[in-house]
Amino acid sequence: MSIEARPAAGRAGSTGSSTGLDDWAALLELAREEDPLLVAAGLRVRAGGELVDRYAPLLLAGRRGVVAQLGQSLDGCIATASGDSNFVTGEADREHLHRLRALVDAVVVGPGTVDSDDPQLTVRAVPGPNPVRVVLDPRSSLRDRAVLTDPATVHVRGDLARDPVAVLDLLRERGLRRLLVEGGGTTVSRWVDAGLVDRLFLTVAPLVVGRGGRRGLALPDVEPLQDCLRPPARRHLLGEDVCFELDLRAG
């Protein structure tokens, strides 16, 4: 299992105005800053910019943290019954996902995502460094996937992959402190249920998949309704989609 990574710059993509480009460059620099006072000062200087306002809470939380993301339909599906998920959400949300990748040390995905999509998990839509790619493989069954041919990919097999706390400890021991849990629904749900996710970006697209679709977030039942999780939320319009940014630490 290889831990060492050689981040490479992603290709330039859409960042809006020159101010947006400058703000994004500043965010990339602040994402690797160890001093929280310098991070806060840097964000204050650029307060009011769309990108700064969107990602400031993530950076203000410090270099240690777990953020997760899911893109789903109106009826809570992340794919059709056959596993087709290209694409549930629109281009603006995919750009947002690439920004999240650029701001973290590593991106974590489960076996279903790798088996169905063989994702690159790199930063291509915007400028920025590629994260270390972490593939969870509890059945040790994944084969012939491009992401696994990269010696920098962390391939976590067996029972360890089923334990989010153990995986988090493993990655932090190797200096991977800010993580993005990207999918699929089972993996994100497991990490949320374990209480490890600080912030969840849940994007809803104006799409109806149907009763056979593969579900996204699935947590244990709670009764009564007043005891259900209702975390503080911010909303971001991403094209036709609506992204709910949920602060699970305050919920």
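User: In the loop between which two elements is phenylalanine 87 found?
Analyst: The model is predicted: local features need pLDDT of at least 70, side-chain atom pairs count only at pLDDT 80 or more, and totals for chains, interfaces and linings use all residues. Residues are numbered from 1 along each chain as its sequence is written, and side-chain values use heavy atoms, with hydrogens and water left out. Helices (H or I, at least four residues) and strands (E, at least two) are DSSP runs numbered from the N terminus. On that basis, phenylalanine 87 is in the loop between β2 (77-79) and α4 (91-103).

User: What is omega for the peptide bond from asparagine 86 to phenylalanine 87?
Analyst: Most peptide bonds are trans. The bond from asparagine 86 to phenylalanine 87 is cis, as is that from glutamate 223 to proline 224, with omega near -10°. Proline 224 lies in the loop between β8 (214-215) and β9. For the bond from asparagine 86 to phenylalanine 87, omega is near -5°.

User: At what distance from the ring centre does arginine 99 lie over the face of tryptophan 24?
Analyst: A charge sits over a ring if NZ of Lys or CZ of Arg is within 6 Å of the ring centre and within 35 degrees of the ring normal. Arginine 94 lies over phenylalanine 87 in this way, at 3.9 Å from the ring centre. For arginine 99 over tryptophan 24, the distance is 4.7 Å.

User: What distance separates the C-alpha atoms of valine 126 and tryptophan 24?
Analyst: Valine 126 is found in the loop between α5 (111-117) and β4. Its relative accessibility is 0%, so it counts as buried (under 20% relative accessible area; exposed is over 50% and partly exposed in between, with a 1.4 Å probe and protein chains only). Valine 126 and tryptophan 24 are 102 residues apart along the chain, yet their C-alpha atoms are separated by 9.1 Å.

User: What is the phi of leucine 121?
Analyst: Leucine 121 is in the loop between α5 and β4, and it is buried, with a relative accessible area of 1%. Most residues other than glycine have a negative phi. Leucine 121 has a positive phi, near 60°.

User: Is aspartate 144 buried or exposed?
Analyst: Aspartate 144 lies in the loop between β4 and β5. It has a positive phi of about 55°, although it is not a glycine. With a relative accessible area of 75%, aspartate 144 is exposed.

User: Within what arc do the buried residues of α6 fall, seen down the helix axis?
Analyst: In α6 (residues 164-173), the buried residues are Pro164, Val167, Leu168, Leu170 and Leu171. They line one face of the helix because, taking directions from the helix axis to the C-beta atoms, they fall within an arc of 160°.

User: Which helix is included in what covers the buried residues of α6?
Analyst: The cover includes the strands β1 (65-72), β3 (106-109), β4 (132-137), β5 (154-157) and β6 (178-183). The helix included in it is α7 (185-193).

User: How close does a side-chain oxygen of aspartate 163 come to the backbone nitrogen of valine 165?
Analyst: This pair is at the start of α6, while glycine 175, with a positive phi near 85°, follows that helix. The oxygen of aspartate 163 reaches the nitrogen of valine 165 to within 3.1 Å.

User: How many disulfides does the structure hold?
Analyst: A disulfide is a pair of cysteine sulfur atoms within 2.5 Å. The sulfur of cysteine 243 is 18 Å from the closest cysteine sulfur, that of cysteine 77, which is too far for a bond. Cysteine 77 is buried at 0% relative accessibility, and cysteine 243 is buried at 1%. The number of disulfides is zero.

User: With the side chain of which residue does the side chain of histidine 236 make a polar contact?
Analyst: Histidine 236 is in strand β9 (residues 233-238) and counts as buried, at 12% relative accessibility. Not counting residues up to four places away in sequence, it touches (heavy atoms within 4.5 Å) several residues, among them Arg54, Phe201 and Cys243. A polar contact is a pair of N or O atoms within 3.5 Å; within protein, one must be able to donate a hydrogen and the other to accept it, and residues adjacent in sequence count only if both atoms are side-chain atoms. At 2.7 Å, the partner of histidine 236 is glutamate 245.
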